[in-house]
Structure formats: structure tokens, C-alpha cells
Amino acid sequence: MTRLLKMPKLLYQVAKVKLSQGNSNPIADYDKGAVSFDDYYSRNLGSSALELWEKLPVKEGQVIVDLACGTGFFTTKLAHAVGQTGQIIAVDLSAGMLEKNQEKAVNQNLNNIRFVQLDGLSFLDSLSSNCLDGLVCGWGTCYMNHTRLRQQLERVLKTGGFFGMIDNTSSSLKDVSDLFTQVLMDYPHAMIKNININLPKNNDYLIKTFGHGHLKSQNAWNGEVIIPCVNGEQIADYMLKSVASAGFIDALDPALIPQIFETFVSYANQRFYSQNPVVVRHKFCALVAIKN
């Protein structure tokens with residue numbers, strides 16, 4: 001059966017799961033991947049996140065939230081910068097990610113961090129107005145409603161407070177995504193949940209969404225990082241251990257996951273053998289804004 005004939009079945013299944021309103025849950029993927037996250041995701045994209053870090057107006061004594069803090073790439077840096085007179089509140093839904101983050105804090109003798117296991121918007125809802133000097137969100141705004149997030153930022157940040165974020169764009173990992181789509185055309189019924197991820201398009205989107213009202217954009221930029229992979233096995237390994245596939249795995253029928261990845265590796269290797277490699281390209285955008 002040709003790809004053209006397979007596509008309608010997949011589109012029908014995708015439409016059906018969207019109508020069911022059953023969304024995939026990425027938390028289990030993050031819990032499982034917490035042990036390998038730094039070795040795969042942070043190691044490859046850490047330099048891009050450092051560019052954001054260098055633009056943040058962090059000062060001693062500030063109270064700053066690290067939203068979707070993960071294993072603590074920003075958390076410990078923030079804690080050192082604000083010192084004993086400041087406080088960092090590290091928020092994440094994944095118990096596994098928070099555990100790794102706490103281990104780093106203990107190893108670095110940091111006692112000015114409060115850890116909270118909660119989704120980002122619910123946490124912000126719980127805060128009083130004008131209480132934060134800053135908020136950082138690394139690779140996590142895709143799981144939030146952006147309109148609600150901006151509204152909360154305007155409310156909880158003090159005048160002069162800052163917001164810094166970095167996230168994958170909607171065109172990130174396109175080769176990998178296209179290949180998974182090809183695989184799912186072979187297994188259309190493997191999709192049993194909707195994947196609800198709200199990725200920004202580019203830095204212009206960030207400026208338009210988060211850089212208006214009382215929030216004024218100071219810096220916004222795009223970038224990309226290519227992960228060196230030479231075969232399908234390496235790509236599959238990266239997608240799982242970096243947690244770049246979070247949410248996608250939970251959207252699949254568990255009984256078919258081994259077949260899905262076996263077919264993915266096979267198709268990817270065919271691409272490499274034919275000198276048309278699958279490029280693992282993360283495209284990202286970032287923003288720093290100040291509340292006036």
C-alpha cells in the first residue's frame with residue numbers, strides 16, 4: 001500500500017483521538033528519563049540555555065521561580081547568584097526530575113531552594129500579586145497555555161521583574177517527526193491519545209505573545225543545535241534518553257511501542273544507507289522580557 005493510501009487512515013485515527021479529549025501525559029516519560037536527561041539533553045542543548053542565562057538580570061537577594069525546572073540546569077545557577085538573602089522556588093510536575101535537582105542542591109550545599117511538585121500554571125495561581133523578582137522557564141512553556149502564562153507573569157512579577165524562557169519551536173526535530181509519521185502510517189491504530197504540546201513558532205511569536213502589555217521584550221532570538229547521530233539506533237536512543245519524545249510515548253498503545261521503534265530504526269537506517277540521513281535538528285527560540 002502506498003504512503004498516499006495509508007495517510008487517510010492515520011488522519012482518521014488522529015482526529016478520533018482528538019475528539020476523545022484524552023491527552024497523553026508526559027510525566028511518566030520525564031520520571032523515567034530523569035537519570036539520563038543531563039547526559040543527553042542538557043549536554044547537547046546546555047550551551048544554548050547558557051546564552052539565555054547570560055542575559056538574565058539576576059541579582060543577590062532576589063526571589064525567583066524556576067518553572068518546569070527539570071533536573072536543575074538553571075536552578076543551581078540561580079541559587080548561587082541570589083545568595084543566602086535570596087530564594088529560588090523550583091517547580092516541576094515530575095518527581096524524578098525534582099529528585100535529581102535536589103541531589104544537585106545537596107551536593108552543592110545550597111539551602112536557599114524550595115522545591116514544589118506542581119504544574120506551572122497552578123503554582124502561579126497560588127502566588128500573591130507582585131511577589132517575584134524574576135521567573136525562568138527552560139524547555140517547559142510548551143506544556144502551558146501561553147495566554148494564561150502571560151497573564152500570570154504580569155500579575156506575579158514585581159515592576160522591574162524579569163521573565164526568561166527558551167523552548168523548542170514547532171519546526172524542531174522535523175526530520176524525526178516526519179519519520180515517526182511515516183511509521184505510524186503502518187500502525188495507525190497505535191495512536192490512542194492526543195498529543196497536546198503548545199510549541200512556539202519562533203522569536204517573533206514570543207515577542208508578540210509575551211512582549212506586550214506590561215511585559216516588554218528586551219532580547220529575543222532563534223537558534224538551532226544538531227545532535228550527531230549516524231544511524232537509526234542512535235536517534236531512537238537519543239529520543240528516549242533525552243526525553244525529547246515525552247508525551248509521544250504515552251500517546252501510543254503500549255503493546256505496539258516495541259514495533260513502532262523497531263520500524264522507526266529500520267526506516268531511519270534506510271535513509272542513512274541511501275545517503276539521505278535523518279537530521280536530528282533542535283530549533284529553538286528564546287526571550288527575555290521586563291515588567292514595566
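Predicted model: local features only at pLDDT ≥ 70, side-chain atom pairs only at ≥ 80, totals over all residues.
## Helix 9 against helix 10

Which residues of helix 9 meet helix 10? Gly232, Glu233, Ile235, Ala236 and Leu240 do. On the helix 10 side, the contact involves Phe261, Phe264, Val265, Ala268, Asn269 and Phe272. By class, the residues of this contact are 8 nonpolar, 2 polar and 1 charged.

## Helix 2 against helix 9

Helix 9 also packs with helix 2 (residues 27-55). Here the angle is about 110°, and the axes are 8 Å apart. That makes helix 2 roughly perpendicular to helix 9.

Helix 2 contributes Gly33, Ser36, Phe37, Tyr40, Tyr41, Asn44 and Leu45. Helix 9 answers with Asp237, Tyr238 and Lys241. The contact of helix 2 with helix 9 holds 5 nonpolar, 3 polar and 2 charged residues.

Is Val243 buried or exposed? Val243 has a relative accessible area of 5%, and under 20% counts as buried. Val243 is therefore buried.

Ser245 lies in the loop between helix 9 and helix 10. Ser245 is buried too, with a relative accessible area of 5%. Leaving aside residues up to four places away in sequence, Ser245 touches Asp29, Met239 and Leu240.

An open sheet of 7 strands runs in the order 3-2-1-4-5-7-6, with mixed pairing. Which strands form its edges? They are strand 3 (113-117) and strand 6 (215-227), each pairing on one side only. From one strand to the next, the twist averages 15°.

Two helices that pack on the sheet deserve mention. Helix 4 (residues 95-107) touches strand 2 (87-92) and strand 3. The direction of helix 4 makes about 170° with that of strand 3. Helix 8 (residues 203-210) touches strand 5, strand 6 and strand 7 (280-291). The direction of helix 8 makes about 30° with that of strand 7.

## Strand 4 and its partners

Strand 4 is mostly covered: 7 of its 7 residues are buried. Strand 1 (residues 63-67) runs parallel to strand 4, joined by 4 bridges. Strand 5 (residues 157-168) also runs parallel to strand 4 (residues 132-138), joined by 6 bridges.

Cys137 has a bridge partner in both neighbours. Leu67 pairs with Cys137 in strand 4, and Cys137 pairs with Met165 in strand 5.

Trp139 lies in the loop between strand 4 and helix 6 (146-156). Trp139 has a positive phi of about 65° although it is not a glycine. Its relative accessible area is 15%, so Trp139 is buried.

## Strand 7 and its partners

Strand 7 is mostly covered, with 10 of its 12 residues buried. How many bridges join strand 5 to strand 7? There are 7, and these two strands run antiparallel. Ile166 has Ala286 in strand 7 as its bridge partner.

On the pairing with edge strand 6, 12 bridges join strand 6 to strand 7, again in an antiparallel arrangement. Gly223 has Phe284 in strand 7 as its bridge partner.

## Helix 7

Helix 7 (residues 174-186) has 13 residues. From its first C-alpha to its last, helix 7 reaches 19 Å, close to the 18 Å expected at 1.5 Å a residue. Its buried residues are Val176, Leu179, Phe180, Val183, Leu184 and Met185.

Technical notes. Residues numbered from 1 in each chain as written. Heavy atoms only, no water. Pairing = 2+ DSSP bridges. Axes fitted to C-alpha atoms, helices over the stretch in contact; angles between N-to-C directions. Contact = heavy atoms within 4.5 Å. Expected span 1.5 Å × (residues − 1). Buried < 20%, exposed > 50% of the residue type's maximum accessible area, 1.4 Å probe, protein only. Nonpolar A, V, L, I, M, F, W, Y, C, P; charged D, E, K, R; others polar. Parallel < 35°, antiparallel > 145°, perpendicular 65-115°, else oblique.
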